[in-house]
Amino acid sequence: IDTVFHTAGIAKVSAPLTDIFPANVQSTINLLDCMPGARFIFTSSSTVYGNGHAKIEFDEYDKLLPTSAYGASKVACESFIDAYTRLGKINGVSLRLCANVGPGATHGLLKDLIQKVKSDSPTLELFGEAPGSIKPFIHVDDTVRAMIWFAEENHKGGAYNVCPKDTLTVSQVADLVMEELGVKKEKVWLGDA
């Protein structure tokens, strides 16, 4: 096997550590052990930076402060990939992805908003306080292009952000979804749940 694109694992930030550790960390170690010499592209996450930062745009050299078991699992996987790369067992890189959008999404803000806008409810209930959290979004096609580019380049180890520089609030995303679906609903903010 020449190249491995490791995208498997539990992608739910709120999942418990007892589920996340075997699915994310142990499975990554298992793959690393059976892929000697392979180019190893790992899909990490911007959650490695946590919620403790006062900024939205991150640099790869920013401190890692995961605030969930999911984020911590990504940091652990990145560390194993770096170690295996330094030991010469693989040639790996970790790509820190932000919120992906596009066809086939199984979870996430956009999928939830589409379901809520299409529902019979006369209002659009949103978590948090207006205008909601702010984050970058990237189309899955751009993510795949980045993954292929890193597979073809010869970077030896390291972690790289794969995120656009622009951001949207939850309120802005909700407005875009309603506009696209031709539905207008009053936004009701539920606070932190």
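Predicted model: local features only at pLDDT ≥ 70, side-chain atom pairs only at ≥ 80, totals over all residues.

Biologist: In what order do the strands of the open sheet lie?

Modeller: Strands of a sheet pair through backbone hydrogen bonds, in either a parallel or an antiparallel manner. Here four strands form an open sheet in the order β1-β2-β3-β8, and the pairing is parallel. On average, neighbouring strands are turned by 25° against each other, direction ignored.

Biologist: How many bridges join β2 and β3?

Modeller: Strand β2 (residues 39–45) and strand β3 (residues 91–97) are joined in the parallel sense by seven bridges. As one example, S45 has L97 in β3 as its bridge partner.

Biologist: Which strands does helix α4 touch?

Modeller: Helix α4 (residues 140–152) packs on the sheet and touches β1, β2, β3 and β8. The direction of α4 makes about 145° with that of β2.

Biologist: How many disulfides are found in the whole structure?

Modeller: The search finds zero disulfides. A disulfide requires two cysteine sulfur atoms within 2.5 Å. For C34, the closest cysteine sulfur belongs to C77 and lies 14 Å away, which is too far for a bond. C98 is in no disulfide either, the nearest cysteine sulfur being that of C163, at 3.2 Å.

Biologist: Are C34 and C98 buried or exposed?

Modeller: C34 is partly exposed, with a relative accessible area of 48%, whereas C98 counts as buried at 8% relative accessibility.

Methods:
Residues numbered from 1 in each chain as written. Heavy atoms only, no water. Buried < 20%, exposed > 50% of the residue type's maximum accessible area, 1.4 Å probe, protein only. Pairing = 2+ DSSP bridges. Helix = DSSP H or I, 4+ residues; strand = E, 2+ residues; numbered from the N terminus. Axes fitted to C-alpha atoms, helices over the stretch in contact; angles between N-to-C directions. Contact = heavy atoms within 4.5 Å.
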